[in-house]
Amino acid sequence: MIQDNLPRLLGLHNLSAREASELLNVSQVALSAISTGKRKPSLGTLMSLAGFFEVSADKLMTAPFEDLLDELCDRERYLRVEEKIRPATSQSLGGKSWTS
């Protein structure tokens with residue numbers, strides 16, 4: 001399921017594979033291989049992804065994306081992830097990067 005979840009998480013945050021690889025210190029090749037199901041992430045990469053997107057590693061690996069929605073739809077969690085991605089932009093918007 002991670003091959004389905006990772007691309008959708010990237011899309012949810014408008015994050016390119018290049019940006020994600022830089023933020024997570026994981027190669028684009030590795031992210032691409034994980035996203036296409038050609039390879040499973042190492043434990044370190046899995047924990048980095050789960051921590052960065054603030055979802056459980058177990059759900060990231062095994063659950064359908066819809067099952068992650070409970071974790072993903074928490075506004076505060078979403079904003080924390082956005083802050084990791086775009087700290088300067090989020091601060092200039094007063095920490096609010098989406099409309100109410």
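A residue counts as buried under 20% relative accessible area, as exposed over 50%, and as partly exposed in between. The exercises below apply this rule and others to a predicted model.

**Exercise 1.** Determine how Glu22 and Arg18 are connected, and classify each as buried, partly exposed or exposed.

*Solution.* 
1. The side chains of Glu22 and Arg18 form a salt bridge, with 3.1 Å from N to O.
2. Glu22 has a relative accessibility of 56%, so it counts as exposed.
3. Arg18 has a relative accessible area of 44% and is therefore partly exposed.

**Exercise 2.** State which helices hold Glu66 and Arg8, and how many residues apart the two are.

*Solution.* 
1. A salt bridge joins the side chains of Glu66 and Arg8, at 3.5 Å from N to O.
2. Glu66 is found in helix α6 (residues 65-72) and Arg8 in helix α1 (residues 2-12). The two are 58 residues apart, and the pair thus links distant parts of the chain.
3. Glu66, at 47% relative accessibility, is partly exposed. Arg8, with 41%, is partly exposed.

**Exercise 3.** Identify the geometry of the aromatic pair in this structure.

*Solution.* 
1. A pair of aromatic rings is described by the distance of the centres and the angle of the planes.
2. The structure contains one aromatic pair. Its members are Phe52 and Phe53, whose ring centres are 5.1 Å apart and whose planes stand at 90 degrees.
3. Planes over 60 degrees apart count as edge-to-face, and the pair of Phe52 and Phe53 is accordingly edge-to-face.
4. Both Phe52 and Phe53 are buried.

**Exercise 4.** Describe the contacts of Lys84 with Phe52 and with Glu54.

*Solution.* 
1. Lys84 lies over the face of Phe52, at 5.4 Å from the ring centre.
2. The side chain of Lys84 also meets that of Glu54 in a salt bridge of 3.4 Å, N to O.
3. Lys84 is in helix α7 (residues 75-85), while Glu54 is in the loop between α4 (43-53) and α5 (57-62); the pair therefore ties together parts that are 30 residues apart in sequence.
4. Lys84 is partly exposed at 31% relative accessibility, whereas Glu54 is buried at 18%.
5. Salt bridges with shared partners join Glu54, Arg80 and Lys84 into one network.

Methods:
Residues numbered from 1 in each chain as written. Predicted model: local features only at pLDDT ≥ 70, side-chain atom pairs only at ≥ 80, totals over all residues. Heavy atoms only, no water. Phe/Tyr/Trp six-rings, centres within 6.5 Å; stacked < 30°, edge-to-face > 60°. Buried < 20%, exposed > 50% of the residue type's maximum accessible area, 1.4 Å probe, protein only. Lys NZ or Arg CZ within 6 Å of the ring centre and 35° of its normal. Salt bridge = Lys/Arg side-chain N within 4 Å of Asp/Glu carboxyl O. Helix = DSSP H or I, 4+ residues; strand = E, 2+ residues; numbered from the N terminus.
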